[in-house]
Amino acid sequence: MTMAAVDAGEERLRRWRLVLGGDEADGTGCALSGRDAAMDAALGALYGKGNGGKPGRDRSAGLGASAPSVARWLGDIRTYFPSSVVQVMQRDAIDRLGLSALLLEPEMLEAVEADVHLVGTLLSLNKAMPETTRETARAVVRKVVEDLEKKLATRTRATLTGALDRSARISRPRHHDIDWNRTIAANLKHYLPEYRTVVPERLIGYGRASQSVKKEVVLCIDQSGSMAASVVYASVFGAVLASMRSIATRLVVFDTAVVDLTDQLDDPVDVLFGTQLGGGTDINRALAYCQSQITRPADTVVVLISDLYEGGIRDEMLKRVAAMKASGVQFVALLALSDEGAPAYDREHAAALAALGAPAFACTPDLFPEVMAAAIEKRPLPIPDAG
């Protein structure tokens, strides 16, 4: 056997040992030391016996209840694992070990790896957060929001600017407003071979540049607990849309009450801390408010982001959607706006919306600009394959 084969075999045993845990090496015959032993201890503190692990495993005594031990553990996992793995382990620790309350301590917040899910957890703790923790929490949330804006803003603006320009095309343009590519494509049947040219019978042009509002967008966001990641992404996109002069953006969050956060859109962190995750759901009441704010139906896009579990009046909710669509409003229903896929949702309500011509589907942040562009141009939405 070659040395390479021996090394590969030992590496497989090492990885299995880290997966299986146990002081007796769980039959692998591989003992751990140094960095590997420290990694095993960090894994065992979270996934070991007594912390939801499978019977028969014996990793370590767990994280305990004290903030110092958890802070040390957070430091360990950031040392031994990449950021993506750290984020998963943090979420597991919060879910499996009930560590949410410890996030109310500033020292703990400074030790965690910030991501969308952590922001959702912090927002759910907002009302219980002491003033000594609030500024630290805002700093953590702001870092995540700024990272998301850097990632999403440029493409969103470019995609929607193009959609707005295309939707504003006119049929009798001035010479410098002619869209020559589309004009030629639309008139190819009028090609004259003897002159080797196209004689356009119909000119297609761009709308004249204008700083006036071309479209109105209403983001209507369910702030129930299961929608935490969607609330974070929607707030960031809301701020990006609000920064575009040609789009008038309104942001509304709801549970059983309705709160209009439009005046805070210049700072998505303020928007997020203005939400209250959890509670019931009254979609009908939220849509009634949104409907009352629409002044230009043919130029308005309403985006409902909800798992569709309606605590209000179901038939009235559906009637409002039908009325908005009949008036010319482009209505978009998103079950989620996150990378996690669709959560549990009310399938009966989703089917009813689809029957009205408003299919409900989960949307990733990367796809959202394309969905909005399609809505602005009044063309079919790019619904992802459910498979």
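The model is predicted: local features need pLDDT of at least 70, side-chain atom pairs count only at pLDDT 80 or more, and totals for chains, interfaces and linings use all residues. Residues are numbered from 1 along each chain as its sequence is written, and side-chain values use heavy atoms, with hydrogens and water left out. Two packed helices are described by the angle between their axes and the distance between the axes.

**Helices H7 and H9**

- H7 spans residues 131-167 and H9 spans residues 228-242. Both are DSSP runs (H or I, at least four residues), numbered from the N terminus.
- Their axes come within 9 Å and cross at roughly 50 degrees. The axes are lines fitted to C-alpha atoms over the stretch in contact, and angles run from 0 to 180 degrees between N-to-C directions.
- H7 is therefore oblique to H9. Angles under 35 degrees count as roughly parallel, over 145 as roughly antiparallel, 65 to 115 as roughly perpendicular and the rest as oblique.
- The crossing of H7 with H9 is right-handed (the near helix is turned clockwise from the far one by less than a right angle; anticlockwise is left-handed).
- On the H7 side, the contact residues include Val-145, Leu-148, Leu-152 and Leu-160. H9 contributes Val-232, Tyr-233 and Phe-237, among others. Contact means heavy atoms within 4.5 Å.
- By class, this contact of H7 with H9 has 12 nonpolar, one polar and two charged residues. Ala, Val, Leu, Ile, Met, Phe, Trp, Tyr, Cys and Pro count as nonpolar, Asp, Glu, Lys and Arg as charged, and the others, Gly among them, as polar.

**Helices H11 and H12**

- H11 (residues 283-292) and H12 (residues 314-326) have axes that come within 8 Å and cross at roughly 25 degrees.
- H11 and H12 are therefore roughly parallel to each other.
- H11 passes H12 in a left-handed crossing.
- Ile-283, Asn-284, Leu-287, Ala-288 and Gln-291 of H11 meet Glu-316, Met-317, Arg-320, Val-321, Ala-323 and Met-324 of H12.
- The contact of H11 with H12 holds seven nonpolar, two polar and two charged residues.

**Single residues**

- Ala-322 lies in helix H12. Its relative accessible area is 31%, so Ala-322 is partly exposed. Buried means under 20%, exposed over 50%, and partly exposed in between (1.4 Å probe, protein chains only).
- Ala-322 and Ala-355 sit 33 residues apart in sequence and 10.0 Å apart in space, C-alpha to C-alpha.
- Thr-121 lies in helix H6 (residues 116-124). Thr-121 counts as buried, at 17% relative accessibility.
- Leaving aside neighbours within four places in sequence, Thr-121 is in contact with Ile-94, Ser-100 and Leu-103.

Technical notes:
Helices (H or I, at least four residues) and strands (E, at least two) are DSSP runs, numbered from the N terminus.
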